[in-house]
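Student: Could we go through this structure together? I would like to start with one residue and move on from there.
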Amino acid sequence: MSALTEAIARSFTTREKQPPARSPLRALGRRQLSGAEVLAQSVATTAPAVSMVVLPVTMLTHGHLLSGMITIIVATVLVTLIAFCISQFTRRMAASGGLHSFAFRGLGTRAAITTGIAILVKYVGSAVMTLYHGGLAVITLLGFAGIRVHGTFQLIALYTVLAALILACLLRSVRFAALAILVAESCSLLFIVALMLIGGDQHAQIIPSTSGHGLLITALAALFALAGFESAAFFGPEARRPLVTVTRTVLFTPMICGGLFIFAGWAAWTGRSDTLVNAYLHGTSTGVSPAVVIALNIGMGCSWLASSMASSNAASRLLYSFGVERLLPRAFAHVHSAFRTPSVALSVVVATVLVGGGTFAVIGRGVFFEDLRLTVRAAVIVAYALVAISSVVFLTRIGEDTPRVLAAASCGSGAGAVVLGYLVYANIVDHTYIAPIAVLVILSSGTLWQFYLRRRSPQSLLHIGAFDQPETEDVLPGAGVFGTDAAGNIVLVGESAAGPR
């Protein structure tokens, strides 16, 4: 008799003697996102349309054309290796905590908390910067329509409206948000790629940078342009086939976006991006057609706001996971009764993003904006390096380690450590200390938070690393054994004693 036949036969005699098992993440609504919707989340977080303009500007500003091209290619390879490491987790588990939950499986509580804080800094910081830039694009477009937005009150009102629209889309449903993101990003990409293919007769008017760390800045820009591919992992519990669709998205997103960025680097190298660069930096003052400037601002504005939306969405899932795991108050685990979205976490994230983006809009960018940019880029490197190392430890523990994973993790985490060290060194040499201090705080956050939890709430340490566990309805009656874990939850612990051997 086959294993399936035996399980079916046992199902008629098996009786449940305990409460049904429930996934700790079931409140979000399991198995609802398609592969295309999961891909839209990851692609939008990276904001490829924006990066296809920003990368050529960075290359031209620092005079690194050939080396800039090589840097983009190397960054694509390294991030793809990190994606391969992350896929070792996504093909085995789905967790709304994403990288935070993965790091716990490999390196434990301290690394998990450090990774969670690092990636939260990345997503919230990215959402702040993209909301700020998206608002500027909207202000430019309103200027073409004859509507001037100036003064503190008008700026605050505009950014409040943008944040309210983002929150409304995210609260409505994750599927609605994914569809809106996909449409906006696709239209933006089509326009920018077409403009680069057409080229033009413009010569880029760039003010050369005086920084002596041009190659580092280019490398950071390339790495950050690819960052966000992993945001699909935060929606694993909500995906229809999480172990398949999330894994494919995590692996393919850096390849797709990396290919677009290499194309953008080639366009900068050959001069095909000069018209685009002038339109972005100078508007119509260099003779670029107003239609091109308007279209570019529409495309980049949509991409920036879509990225802000996607980053806020991912950050809300992380805060929701923190609430479920009791690292934060349980209120963060509250889910909207009708839309099944983490309403409290979303509201907190979008409000924080509004305060940050609105503040920069009122006071201007200044040195604080650049410090934020460097901090966010450093934070994502810390998170990627920890997860890459975790993948090796995790696979070794379960006896499935391979030389390929070890090589990918070594190259990815090693390169990340080198870039992070160079970043800290360059800032100290330039007598700017905010980014190095931020890196130190992020690296020590896991240890400090774990110490606090041990003294104040030791029970919460039992809930860290929550993932989408099989429910009673997911298992054929009689085919599995459910038991109680250390936190008192009913979970699947193994096969039935009379089951397949």
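Student: Does R365 count as buried, exposed or partly exposed?
Tutor: R365 counts as partly exposed, because its relative accessibility is 31%. Buried means under 20% relative accessible area and exposed over 50%, with partly exposed in between (1.4 Å probe, protein chains only). Please note that this is a predicted model, where local features need pLDDT of at least 70, side-chain atom pairs count only at pLDDT 80 or more, and totals for chains, interfaces and linings use all residues. Residues are numbered from 1 along each chain as its sequence is written, and side-chain values use heavy atoms, with hydrogens and water left out.
Student: Which side chain does R365 meet in a salt bridge?
Tutor: That of E370, at 2.8 Å from N to O. A salt bridge is a side-chain nitrogen of Lys or Arg within 4 Å of a carboxyl oxygen of Asp or Glu. R365, E370 and R373 are linked in a network of such bridges.
Student: How many salt bridges are found in the whole structure?
Tutor: Five. One of them joins the side chains of R31 and D468, at 3.0 Å from N to O. This pair links distant parts of the chain, 437 residues apart.
Student: Is D468 buried or exposed?
Tutor: D468 is buried, because its relative accessible area is 9%. R31 is partly exposed, at 37%.
Student: New topic: what is the phi of A47?
Tutor: A47 has a positive phi of about 50°, although it is not a glycine. Most residues other than glycine have a negative phi. A47 counts as buried, at 5% relative accessibility.

Methods
Helix = DSSP H or I, 4+ residues; strand = E, 2+ residues; numbered from the N terminus.
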